[in-house]
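Please go through the sequence and model shown here.

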There are 2 protein chains.
Amino acid sequence: MDFQNMLQKYAELTVRIGLNLQPGQRLLIMKAPIQAAPLVRAIAASAYQAGARLVDVMWGDEGLVLARFRHAPRDSFEEYPTWRTDGMLASAQRGDAILAIFGDDPDLLKNQDPDLVTTYQKTSWKHLRPTLDHIERPTINWTVIAAPVPAWTAKVFPELPPEVGQARLWEAVLEACRLDQANPVAAWEAHLAGLVARREYLTQKGYVALQFRGPDIDLTVGLPRGHTWTGGSQLSQSGITFTPNLPTEEVFTLPHAAETEGVLAASMPLSYLGSLIEDIHLTFAGGRVVKASATQGEAVLNRLLDTDEGARRLGEVALVPHSSAIAQSGLLFYESLFDENAASHLALGSAYRFNLAGGETMSDDEFAAAGGNTSLVHVDFMIGSGEMDVDGIREDGATEPLMRTGEWAFEA
Amino acid sequence: MDFQNMLQKYAELTVRIGLNLQPGQRLLIMKAPIQAAPLVRAIAASAYQAGARLVDVMWGDEGLVLARFRHAPRDSFEEYPTWRTDGMLASAQRGDAILAIFGDDPDLLKNQDPDLVTTYQKTSWKHLRPTLDHIERPTINWTVIAAPVPAWTAKVFPELPPEVGQARLWEAVLEACRLDQANPVAAWEAHLAGLVARREYLTQKGYVALQFRGPDIDLTVGLPRGHTWTGGSQLSQSGITFTPNLPTEEVFTLPHAAETEGVLAASMPLSYLGSLIEDIHLTFAGGRVVKASATQGEAVLNRLLDTDEGARRLGEVALVPHSSAIAQSGLLFYESLFDENAASHLALGSAYRFNLAGGETMSDDEFAAAGGNTSLVHVDFMIGSGEMDVDGIREDGATEPLMRTGEWAFEA
């Protein structure tokens with residue numbers, strides 16, 4: 001497939017399956033690296049052809065972020081360009097479709113002062129929060145995709161010449177997004193139907209907890225009453241069925257913030273704010289991380305956990321079969337959008353209100369009382385592998401197999 | 001000079017002489033082509049080193065503009081991404097420094113439907129107006145520079161391979177901006193002092209009109225009572241001396257909207273909204289263009305004149321000596337920022353209130369009654385050449401030579 005043809009297929013998938021953009025909507029691309037311009041232009045063309053009345057882009061450039069860390073006054077890192085988040089919020093309030101295109105350098109900030117990195121990150125999350133509220137409810141149709149850019153490619157394929165690495169990463173993205181299939185849109189419709197069937201089965205089961213067993217993993221994750229599973233497509237409050245991530249292989253729900261017990265070892269390194277954290281081990285008691293270690297990046301891990309009280313508790317538990325195309329690629333993408341679809345995973349931090357029946361209209365106190373976690377952060381990390389077993393624990397204490405050696409163990 | 005070194009000098013000139021950015025200010029780059037990223041990053045570094053608390057960029061991509069013209073619904077061209085202009089206005093109101101970086105394809109829209117182009121342009125000007133009011137008063141320190149990008153380079157050097165053309169255009173920009181001199185900042189300080197002396201001489205003279213004579217030019221441009229000449233540096237209402245354009249070789253004031261008489265032939269083609277207009281001839285009566293022709297792009301010229309009543313009248317008259325480095329380069333840049341500094345010129349459309357004593361605080365009616373022109377547009381076109389003579393006409397009817405064969409004819 002030539003590059004332009006591939007861009008066009010990826011763009012169509014993004015607009016039709018990811019966003020399901022409706023005629024008459026505007027599209028705001030709230031994040032896009034400037035190096036992804038060819039893809040962004042293809043998406044704009046595709047969106048206009050689907051009837052978008054306006055497509056506009058809030059471009060970003062990591063070179064500017066680096067210039068700031070290197071040269072800006074130390075006391076200026078709480079400054080924020082609010083025109084970005086004001087614009088995003090106005091867009092969400094108007095009912096626009098919203099797209100974010102990732103393509104980040106996983107090592108961007110690894111040599112920067114961790115205090116500044118923390119301030120920078122907290123400031124950004126604080127200003128993004130009102131927009132994220134719209135995205136999480138969700139009031140609108142939105143999606144996230146990724147674009148291979150040079151710095152990301154260099155991290156995934158450090159040994160390859162840049163152009164070769166770029167082509168390889170595009171190929172991996174293409175396969176993960178089923179763009180190599182004859183009819184990608186039809187392939188996605190079938191795949192999404194499977195995820196929807198599994199999420200509905202799990203929601204209907206109403207387990208009180210999940211039990212994970214694997215290499216260095218013996219963990220019970222409590223689930224609150226009224227939790228609902230999400231996966232595949234979602235329905236916006238505006239009545240549009242969309243797919244919030246491309247690719248997506250997961251079904252997920254929210255853990256009870258106070259009911260995780262046991263130990264785990266992450267099955268993959270975690271790329272967080274420009275640093276790589278390797279060999280993460282966590283111990284939970286009463287839902288809280290009480291012990292944390294890593295062979296590399298432990299200080300960054302501790303900073304993450306210290307962001308706020310909610311950063312020490314879980315906000316998401318997700319099941320992904322080990323046979324997923326992304327897992328089978330054998331690649332570490334250093335990008336959650338891909339890596340989280342290669343393995344079952346958990347997230348530290350904020351839970352999604354849509355994972356709790358009635359959660360969208362609860363007050364913060366009600367959501368917390370029901371077991372929902374709140375934090376500035378939401379950071380996925382992988383625990384799944386081909387050696388992972390998962391059981392659902394029923395209210396009567398009986399267990400039912402959900403995964404065995406990393407694969408689904410139930411029919412939905 | 002290596003490329004990185006040149007970028008750094010250009011960045012320093014922009015920050016120190018163009019913006020005169022003050023420690024503690026923010027810098028908003030309200031316009032920048034994504035292809036200018038290396039220059040933008042150098043400017044950000046330079047601005048932070050000068051004490052900027054935040055530098056952020058509203059990037060633009062002409063590829064997205066083209067995608068819109070090619071694929072968007074015809075009735076959608078009045079849609080506008082107001083987050084851009086809301087953000088600019090908030091920035092101006094906060095007292096940020098504001099920078100615009102041009103680098104446009106002069107032919108971008110030449111094959112697009114002129115009705116859509118007009119709607120697109122009017123919509124854009126309408127939303128920009130509140131920000132332009134701040135820029136024109138000026139409440140803040142701001143400047144405009146240009147960055148060689150591929151599409152612009154291809155227009156200036158169509159016969160050269162892209163990399164060679166790019167290097168040549170950078171070289172031309174470098175010379176025009178005096179970056180080839182040992183101390184560009186000192187060279188600019190001397191040059192600006194010369195422009196300031198000429199503008200003060202002309203303001204003090206208080207001519208009632210200017211008389212232009214040259215090839216196919218016999219034109220009297222009336223000047224309103226209380227007009228003031230601008231050129232070189234300006235003083236913002238916030239008390240910062242800055243240089244609104246880099247490069248700049250002009251001194252200029254506002255014509256009386258009803259007092260231009262005679263005929264003119266433009267001395268260079270005019271690039272307007274993606275079309276080239278060649279061999280412009282205009283006839284003025286009572287300040288109004290009553291006859292207009294061009295050998296190419298006449299329809300575009302007429303659309304410009306038909307934008308609104310003010311588009312048929314003059315908003316600026318500017319004197320530039322033919323010996324300016326830009327004129328001597330012999331290049332047609334297809335970019336007003338450069339071409340307007342190669343030749344004396346006029347502008348159709350809106351006049352600047354700062355060119356009239358007390359203009360900043362006048363109501364619209366008062367400004368109009370004083371002779372100030374108002375329009376959505378402000379479009380410069382060149383009339384100067386090595387054969388141009390200009391006289392100032394005093395209130396008593398006597399004339400004084402201002403330029404002879406394109407060069408200054410008075411000592412300031």
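The sections below start with conventions and then describe the model.

## Conventions

This is a predicted model, in which local features need pLDDT of at least 70 and side-chain atom pairs count only at pLDDT 80 or more, while totals for chains, interfaces and linings use all residues. Residues are numbered from 1 along each chain as its sequence is written, chains are lettered from A and ligands numbered from 1 in the order written, and side-chain values use heavy atoms, without hydrogens and water.

Contact (heavy atoms within 4.5 Å) links 36 residues of chain A with 36 residues of chain B. The two chains bury about 3300 Å² between them, 58% of it on carbon and sulfur atoms (accessible area lost on being put together, 1.4 Å probe, summed over both). A:Arg53, A:Leu64 and A:Trp83 supply 22% of the area that chain A buries against chain B, more than any other three residues. Ten salt bridges cross the interface (side-chain nitrogen of Lys or Arg within 4 Å of a carboxyl oxygen of Asp or Glu). One of them joins A:Arg41 to B:Asp61, with the closest N and O atoms 2.7 Å apart.

## Strand pairing

In chain B, strand E11 (residues 260-265) runs antiparallel to E6 (residues 217-222), joined by four bridges, and antiparallel to E14 (residues 281-285), also through four bridges (pairing needs at least two DSSP bridges; strands are DSSP E runs of at least two residues, numbered from the N terminus). B:Thr220 stands opposite B:Glu261, and B:Leu264 opposite B:Leu282.
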